[in-house]
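Keep the coordinates open as you read.

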Amino acid sequence: MAEPVRARRLTDQEGQRLLQIVRRGKHESVRVRRAMIIMASASGTLVPAIARLVAADEDTVRDVIHAFNAKGLAALDPQWAGGRPRLISDADIEVIVTAARARPEKLGRPFTRWSLRKLAAYLAEGPGVRVGRERLRQVLHARGISFQRTRTWKESRDPDRDAKLDRIEYVTSNYPDRCFAFDQFGPLSIRPCHGTCWAPRKHPVRLRATYHRTHGIRYFHGCYSLGDDQLWGVTREHKGGDHTLAALKSIRGARPGGYRLFVIMDNLSANKTPAIRSWARRENVELCFTPTSASWANPIEAQFGPLRTFVMGGSDHPNHTVLARRLQDYLRWRNTHARHPDVLAAQRRERARIRSARQQRWGRPKPRAA
């Protein structure tokens with residue numbers, strides 16, 4: 001029996017990049033769907049649940065995960081075959097890529113960045129690689145190099161980063177039926193939101209452009225069950241420890257047996273107040289915090305993508321009450337389809353495959369949590 005298919009642990013740069021693609025990209029694009037697959041798998045979501053999330057076949061999901069484990073973020077872009085034989089060798093391509101990624105000052109040029117014309121001139125004069133500007137652009141695009149603005153990024157400086165990620169990987173791999181995730185989605189404001197829809201060619205659906213943000217903002221406090229693939233939550237006016245505690249109580253209410261549960265949540269002060277910690281000890285709930293600046297490790301992040309696309313995208317809700325109702329309508333539709341017999345059967349097969357692979361690996365089942 002094959003090993004359970006799961007994406008390897010993400011680095012900080014990979015996690016931030018995937019989170020950016022899922023939050024800002026178009027839901028229908030290949031890159032966004034593959035980014036959702038990788039994020040969901042790295043955070044412990046089962047393959048059948050991921051396949052339903054992105055509306056893809058389970059084998060396709062596994063292929064994307066294997067591709068990411070083999071070549072990293074390059075797996076976000078499919079490799080299309082065909083075309084005439086190349087006129088530039090692999091060695092020439094490596095020279096082009098190396099020169100494009102280097103700062104011009106280090107190569108003796110008096111400017112801070114390359115243009116295609118300047119780069120082509122340098123390649124012809126220095127390394128002796130003659131290439132046209134369009135072909136140069138195609139080579140750089142094929143190697144994942146594009147012309148873009150410089151940006152800053154956050155690095156997780158959490159001293160317990162590896163220990164926290166190890167714990168999240170362990171509980172999601174060994175106790176998926178007892179794992180839950182919690183996070184806040186927002187801020188949500190009342191304004192027209194761009195989206196996509198089917199419409200006659202060159203006649204897109206129009207949204208009003210004149211509006212005033214007089215309704216304030218809200219936050220959706222969401223809970224996600226990894227084992228059941230169920231998502232629920234409520235809309236609040238602000239974040240706070242009392243609201244987090246209420247969400248955790250709803251998780252415990254979903255599993256009233258008293259056995260140990262694991263809740264993955266962001267490392268925020270509102271998520272670890274003394275009241276929350278004492279309640280967790282009393283109710284036999286382990287709080288698994290993601291490392292600082294590493295919210296991509298939370299399994300619920302991938303589940304928020306469809307909310308942005310199908311509830312917020314292309315909408316113009318009149319007030320927060322209507323927006324909250326639309327969110328709840330979508331959650332009911334989503335959870336009902338997650339309980340479809342075909343989906344449940346696929347989830348049972350995936351769990352049985354994981355148990356069988358675990359038994360073959362360790363020789364006997366792992367002891368269950370207290």
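How many cavities of 30 Å³ or more does the whole structure hold? The search finds two. The largest cavity holds about 80 Å³. Arg9, Leu10, Ala42, Ser43, Leu165, Ile168, Glu169, Trp296 and Ala297 form its lining. Helix H8, residues 161–174, gives the largest share of that lining, with three residues. Six of the lining residues of the largest cavity are nonpolar, one is polar and two are charged.

Now step back to the whole chain. This is a predicted model, so confidence comes before detail. The mean pLDDT of the chain is 86, and 91% of the residues score at least 70. Where is confidence lowest, and where is it highest? Helix H13, residues 341–362, is lowest with a mean of 68, while strand E4, residues 261–265, is highest at 94. Where pLDDT is low, the predicted coordinates should not be read in detail.

The chain contains 13 helices and five strands. Its C-alpha atoms fill a box of roughly 75 × 65 × 40 Å along the principal axes. Of the 370 residues in the chain, 44% are buried.

Trp232 has a relative accessible area of 23%, so Trp232 is partly exposed.

A second example is stacked. Phe310 and Tyr330 sit 6.5 Å apart, centre to centre, with 15° between their planes. Phe310 lies in helix H11 (residues 304–312) and Tyr330 in helix H12 (residues 320–338), so this pair ties together parts that are 20 residues apart in sequence. Phe310 is exposed because its relative accessible area is 52%, and exposed means over 50%. Tyr330 counts as buried, because its relative accessibility is 15%.

Ring pairs can also join up. Phe111, Trp114 and Tyr122 are linked into a cluster by such pairs.

Two rings also have a charge over the face. Arg252 lies over Tyr259, at 5.9 Å from the ring centre. Lys272 lies over the face of Phe289, at 5.8 Å from the ring centre.

The backbone has some points to check. Which residues does a cis peptide bond join? The bond runs between Gly186 and Pro187, with omega about 5°.

Next come two positive phi angles. Ala55 is not a glycine, yet its phi is positive, at about 55°. Ala55 sits in the loop between helix H3 (47–54) and helix H4 (58–71). With 65% relative accessibility, Ala55 counts as exposed. Lys202 is likewise not a glycine, and its phi is about 65°. The loop between E1 and strand E2 (217–225) holds Lys202. At 76% relative accessibility, Lys202 counts as exposed.

Finish in one more loop. Ser146 is found between helix H7 (133–142) and H8, the helix that gives the largest share of the largest cavity's lining. Is Ser146 buried or partly exposed? Its relative accessibility is 48%, so Ser146 counts as partly exposed. How far is Ser146 from Asp77 in sequence and in space? The two are 69 residues apart in sequence, and 14 Å apart in space from C-alpha to C-alpha.

Technical notes. Residues are numbered from 1 along each chain as its sequence is written. This is a predicted model: local features need pLDDT of at least 70, side-chain atom pairs count only at pLDDT 80 or more; totals for chains, interfaces and linings use all residues. Side-chain values use heavy atoms; hydrogens and water are left out. On a 1 Å grid over the protein atoms alone, a cavity is a set of points where a 1.4 Å probe fits but cannot get out, and a pocket is an open set with protein on both sides within 12 Å along at least five of seven lines; lining residues have an atom within 4 Å of a point. Grid points are joined across faces, edges and corners, and a volume is the space filled by probe spheres set on the points. Helices (H or I, at least four residues) and strands (E, at least two) are DSSP runs, numbered from the N terminus. Ala, Val, Leu, Ile, Met, Phe, Trp, Tyr, Cys and Pro count as nonpolar, Asp, Glu, Lys and Arg as charged, and the others, Gly among them, as polar. pLDDT is the predictor's confidence in each residue, from 0 to 100. Buried means under 20% relative accessible area, exposed over 50%, partly exposed in between (1.4 Å probe, protein chains only). Rings of Phe, Tyr and Trp (its six-membered ring) pair if their centres lie within 6.5 Å; planes under 30 degrees apart count as stacked, over 60 as edge-to-face and the rest as tilted. A charge sits over a ring if NZ of Lys or CZ of Arg is within 6 Å of the ring centre and within 35 degrees of the ring normal.
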